[in-house]
Amino acid sequence: MKAIPLFLFFSLSGFVYGSCGEKESVIPPTPPVAAGEVFRTPAYLQNPSADAMTVMWITSVPCRSWVEFGTDPDRLQPVRSYDEGMMVANRKINKIRLEDLRPGTKYYYRACSQQILHYGSYKKEFGDTIRMPLASFTTWDERDKDYTILVFNDIHKKTELFKHLMSLVGNEPYDLVIFNGDCFDDPEKESDIVDVLTEYCKSYGSDCIPSVFMRGNHEIRGACSVVLWDYLSKAGEHSYTAFTMGDTRFVLLDCGEDKPDDTEVYYGMNDFTQHRKDQAQFLQTELAKPEFTAAARKVLIHHIPIYGKAVAKFNPCKELWQPYLVTAGFDVSLNGHLHRYELIEKGASENNFPVVIGGGYKEENATVMILKKTGEQLNLRVVHAKGNTLFNRDL
C-alpha cells in the first residue's frame, strides 16, 4: 500500500490542526450571496424607552452584525452585542440593544451585516459588509406629554388589509404602533412569522417608528409559536408588562388561550392558569408603584375582553384580575378578539372604565385605533376600514 503523506491524511480525514494541536473540521466556505439578498427584513425598532432602543433585523444567511449609531449622522459608532464575552453572531436573527441614551434625543443609525462564509475554531471567513440605508429614531421624553399611538388587532396576517388600514391614518405622525394580538396567525413555519412581519414593517415604517407586539390566542398556536419571541423583543421581561410614555402609564396583559388548559387540542402543554395568576401578582405590584400612581393617564391593553355580554363563559382573567382592575382608575381598556367593534360603557359590565374592542380581519369589520394625547387631553378614535369613524371621544 502506498504511503499517504501525513498532511494529506489529515486533510482527507476531514480535519486540520490549529497551533495548539486541536483538530478543526475542514468545511468548504459557504458561497457569498448577492448583496441585495443579505437582508430578509427591514430594521424594526423594539422595546422603546426614554434611554434605550432595540434594533432588530433578519438576514437570509448567518452573519456577524452590528449597528452604527450616534446623534451625528457623519460620526456613527459601532455597537455590537456580546454574551458573556462572545460576540452574538453566526445567526440570522439580529438583536442589538442600544442603551444609556438621552431622553428626547434624535439618533441616527444603520444596521450592518457581514455574511459568515466559514466559522471555524481557528479560521473565519467573511463576505462583504452590507449596510442598510441611514435611519433615525427619537427616544421618549417623559416631559413630553404628547403622543400618537396606533393600535391594531386581529389582522390574522392579512397584510393587504393592514396596508389599507395604515392608509386611513393619512399623514398624521405617530410615535408607536401596538399590535394587540392575533396579528400573526397560527405560525406553523418560519415564513408565517418573517414574511408577515416584513410586510407589517414596510407599511408602518419600522426603521423609524418602534412597535410593541402582544400575544393573542393565535400567536400561541402552531409549531413556530414556541419561537415567536426569538423574532420579536418583548416590551419587558414577560409577555405582560407596563411602561410609561409621557405622563401616561400603559399596562399590557396576556390573557393566554381562550379555552381551558385541559382542552384536548392543547395536549397538556399549556399552563396559562399559572400565567394568569402571575399577572394578578404583577398587577398588585404594578398598581402600587409610583410610576403608576403618579401617572396622569392610565391605559389598559389586552387581547381577549373580560367585560361585556359577548364574553365567553370561560373568563378566568376577570376572576383573577377584577379585584385589582376595579380600583386601578384606568381611563380606557383596549381589546380585540371578537372580530367586531364594540363599546362597553363604564359600569355596564362591572368595568370601572370604558372598554373599546377593535374589529377583525375582514374589510367589513376591520378597524384601526388612534390614541392621541395632546396636553392634558387623551382622545381615542376608532376608524373603520371603509373610512368612517366608529368612535371618537375625549377620555
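# Briefing on a predicted single-chain model

Asp394 touches Gln377, Leu378 and Asn379, leaving aside residues up to four places away in sequence. The protein chain has 395 residues, and 51% of them count as buried. Its secondary structure comes to seven helices and 23 strands.

**Confidence**

- The protein chain has a mean pLDDT of 92, with 93% of its residues at 70 or more.
- Residues 1–19 have a pLDDT below 50, and this stretch has 17 contacts in the model beyond near neighbours in sequence.

**Overall dimensions and contacts**

- The C-alpha trace of the protein chain spans about 90 × 55 × 40 Å along its principal axes.
- Taking contacts in the protein chain between residues at least 6 apart in sequence, 69% join residues at least 24 apart.

**Strand 23 and Asp394**

- Asp394 belongs to strand 23, which covers residues 389–394.
- Its relative accessible area is 47%, so Asp394 is partly exposed.
- Asp394 and Lys373 are separated by 21 residues in sequence, while their C-alpha atoms are 9.5 Å apart in space.

**Helix 5 against helix 7**

- A pair of packed helices is described by the angle between their axes and by the distance between those axes.
- Helix 5 (residues 272–286) packs with helix 7 (residues 316–325) at an angle of about 10°, and their axes are 9 Å apart.
- Because angles under 35 degrees count as roughly parallel, helix 5 is roughly parallel to helix 7.
- On the helix 5 side, the contact is made by Arg276, Lys277, Gln279, Ala280, Leu283 and Gln284.
- On the helix 7 side, the contributors are Pro316, Cys317, Leu320, Trp321, Tyr324 and Leu325.
- Sorted by class, this contact of helix 5 with helix 7 has eight nonpolar, two polar and two charged residues.
- Which residues of helix 7 are buried? They are Pro316, Cys317, Lys318, Trp321, Gln322 and Leu325.
- The buried residues of helix 7 pack against helix 5 and also against strand 17 (297–301).

**Thr285, also in helix 5**

- Thr285 sits in helix 5, where it is partly exposed with a relative accessible area of 41%.
- Thr285 and Cys112 are 173 residues apart in sequence, and from C-alpha to C-alpha they are 40 Å apart in space.

**Cysteines**

- How many disulfides does a search of the whole structure find? The search finds zero.
- Cys224 is in no disulfide, and the nearest cysteine sulfur is that of Cys201, 17 Å away.
- Cys224 is buried, and its relative accessible area is 13%.
- Cys255 is likewise in no disulfide; here the nearest cysteine sulfur belongs to Cys317 and is 4.0 Å away.

**Helix 3 and Asp195**

- Asp195 is part of helix 3, which runs over residues 190–204.
- With 42% relative accessibility, Asp195 counts as partly exposed.
- Asp195 and Gly170 are 25 residues apart along the chain, and their C-alpha atoms are separated by 25 Å.

- Most residues other than glycine have a negative phi.
- Asn47 is not a glycine, yet has a positive phi of about 50°.
- Where is Asn47 found? Asn47 is in the loop between strand 3 (44–46) and strand 4 (53–70).
- At 17% relative accessibility, Asn47 counts as buried.
- His156, also a residue other than glycine, has a positive phi near 50°.
- The loop that holds His156 lies between strand 12 (147–152) and helix 2 (159–169).
- Is His156 buried or exposed? His156 is buried, with a relative accessible area of 6%.

Note on methods:
Residues are numbered from 1 along each chain as its sequence is written. This is a predicted model: local features need pLDDT of at least 70, side-chain atom pairs count only at pLDDT 80 or more; totals for chains, interfaces and linings use all residues. Side-chain values use heavy atoms; hydrogens and water are left out. pLDDT is the predictor's confidence in each residue, from 0 to 100. Contact means heavy atoms within 4.5 Å. Axes are lines fitted to C-alpha atoms, for helices over the stretch in contact, and angles run from 0 to 180 degrees between N-to-C directions. Helices (H or I, at least four residues) and strands (E, at least two) are DSSP runs, numbered from the N terminus. Angles under 35 degrees count as roughly parallel, over 145 as roughly antiparallel, 65 to 115 as roughly perpendicular and the rest as oblique. Ala, Val, Leu, Ile, Met, Phe, Trp, Tyr, Cys and Pro count as nonpolar, Asp, Glu, Lys and Arg as charged, and the others, Gly among them, as polar. A disulfide is a pair of cysteine sulfur atoms within 2.5 Å. Buried means under 20% relative accessible area, exposed over 50%, partly exposed in between (1.4 Å probe, protein chains only).
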